[in-house]
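Visitor: I would like a close look at a single part of this model, taken slowly and with the cut-offs stated.

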Amino acid sequence: MVCPACGETLELEGYKAGDLVDCEACGAVLRLLSDGTLELVEAPPEGEREALWGLSAYGEGEEAVLVFSDGALEEEVRVLKAELLEALRRLEEGIGEEPPKEAEDEPNLEPDYVTAHVETDQGPMALRRILFPGSPDLLEFTLPSGSVYEFTFQEVQELLKSVLL
């Protein structure tokens, strides 16, 4: 089960219907309902939310500089702001080089995704939006180096909004 406020996966073993659950990632207070879903009781505190761990960004003229980190390794890529903004817009609309699969008779047990590519100072970077019912809406970056970083789509949009506009 995932937190409806931030998309973080929560371990609910030992909880029963009606119990309150604290999301350690965002601070939201949730109630476990009898149907197994989570209800938001108290939203995360405003202004206390941490920056997106693993990704920072800033603008330099016509370029956006994205700095990815896994805690040990830090990688920086430069991309044209207009190109990154257009790629994010296409992913938000579900338009990409690999469109979501069509509805099937069988339940879809694999995530759907759309992909967009942008040119960076080091080569092409793939942005893949991963959609799967009941899971967070994810955005995966595959850097020219081959490194892969994954974040929630909404958090990346919020972080990059001030850099790209």
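Which helices each supply at least two residues of the lining of the second largest pocket?

Guide: This is a predicted model, in which local features need pLDDT of at least 70 and side-chain atom pairs count only at pLDDT 80 or more, while totals for chains, interfaces and linings use all residues. Residues are numbered from 1 along each chain as its sequence is written, and side-chain values use heavy atoms, with hydrogens and water left out. The helices are α1 and α2, each giving at least two residues to that lining; helices here are DSSP runs of H or I with at least four residues, numbered from the N terminus. Helix α1 covers residues 81-93 and helix α2 residues 153-164, and they pack at an angle of about 150 degrees with their axes 11 Å apart, where axes are lines fitted to C-alpha atoms over the stretch in contact and angles run from 0 to 180 degrees between N-to-C directions. That angle makes α1 roughly antiparallel to α2, a term used for angles over 145 degrees. In the contact (heavy atoms within 4.5 Å), K81, L84, L85, L88, L91 and E92 of α1 meet F153, Q157, L160, V163 and L164 of α2. By class, this contact has eight nonpolar, one polar and two charged residues. Turning to the second largest pocket, its space is about 200 Å³, and its lining includes L85, L88 and E92 as well as Q157, L160 and L164. The largest share of the lining, six residues, comes from α2, and the lining as a whole divides into five nonpolar, two polar and four charged residues. Nonpolar here covers Ala, Val, Leu, Ile, Met, Phe, Trp, Tyr, Cys and Pro, charged covers Asp, Glu, Lys and Arg, and the others, Gly among them, count as polar. A pocket is an open set of points on a 1 Å grid over the protein atoms alone, where a 1.4 Å probe fits, with protein on both sides within 12 Å along at least five of seven lines, and lining residues have an atom within 4 Å of a point.

Conventions
Parallel < 35°, antiparallel > 145°, perpendicular 65-115°, else oblique. Points joined across faces, edges and corners; volume = space filled by probe spheres on them.
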